[in-house]
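Me: Hi! Could you walk me through this model before I set anything up with it?

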Amino acid sequence: MPNQTEASNQIAGTGLGPCPKCDAVCVVQFAWGQKRCNSCGHQWPELSAMQRGPTRRDVLNGKA
Ligand SMILES: [Zn+2]
């Protein structure tokens, strides 16, 4: 008898996972496109790699 819940089937079918760190498929995606693993807490890709425009460091350096 299969021991899978409907929820786990939905998660496995989202195409978001698996986590690059722990291979878990319990991955959620934020509205801004970043993904987070609910198993180990890893988030990817890093926001600094996704951002366009002035970063916090640029602002502190007076560039923006
Ligand atoms: Zn993970």
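Reply: Happy to; here is a tour of the confidence, the fold and a few residues.

Me: Great. What kind of model is it, and which rules apply?
Reply: This is a predicted model, where local features need pLDDT of at least 70 and side-chain atom pairs count only at pLDDT 80 or more, while totals for chains, interfaces and linings use all residues. Residues are numbered from 1 along each chain as its sequence is written.

Me: What is the mean pLDDT of the protein chain?
Reply: The mean is 78, and 66% of the residues reach 70 or more. As a reminder, pLDDT is the predictor's confidence in each residue, from 0 to 100.

Me: And where is confidence lowest and highest?
Reply: Helix H1 (residues 6–12) is lowest, at a mean of 49, and S2 is highest, at 95. Where pLDDT is low, the predicted coordinates should not be read in detail.

Me: Thanks, noted. How many helices and strands are there?
Reply: The protein chain has three helices and three strands. Both are DSSP runs, numbered from the N terminus: helices are H or I with at least four residues, and strands are E with at least two. From the N terminus on, the elements run α-β-β-β-α-α.

Me: How are the strands arranged in the sheet?
Reply: They form an open sheet in the order S1-S2-S3, with antiparallel pairing. Strand S1 (27–29) and strand S3 (43–44) are the edge strands, each pairing on one side only. Two strands pair if DSSP finds at least two bridges between them.

Me: How many bridges join S2 to S3?
Reply: Two bridges join strand S2 (residues 35–37) to S3, and these strands run antiparallel. Arg-36 lies in S2, and its bridge partner in S3 is Gln-43.

Me: Let's stay with Arg-36. What else is it in contact with, beyond its sequence neighbours?
Reply: Leaving aside neighbours within four places in sequence, Arg-36 is in contact with Val-27, Val-28, Phe-30 and Gln-43. Contact here means that the C-beta atoms of two residues, placed from the backbone, lie within 7 Å.

Me: Why is Arg-36 classed as partly exposed?
Reply: Because 17 other C-beta atoms lie within 10 Å of Arg-36. The scheme calls a residue buried if 20 or more other C-beta atoms lie within 10 Å of its own, exposed if 12 or fewer, and partly exposed in between, with C-beta atoms placed from the backbone.

Me: Now Leu-16. Where is it found, and how far is it from Arg-36?
Reply: Leu-16 is in the loop between H1 and S1. Leu-16 and Arg-36 are 20 residues apart in sequence, and their C-alpha atoms are 9.4 Å apart. Leu-16 also touches Val-27, Gln-29 and Lys-35, not counting residues up to four places away in sequence. With 16 C-beta neighbours inside 10 Å, Leu-16 counts as partly exposed.

Me: Last one: what is the phi of Asp-23, and is the residue buried or exposed?
Reply: Asp-23 has a positive phi of about 65 degrees although it is not a glycine. Asp-23 sits in the loop between H1 and S1 and counts as exposed because it has 11 C-beta neighbours inside 10 Å.
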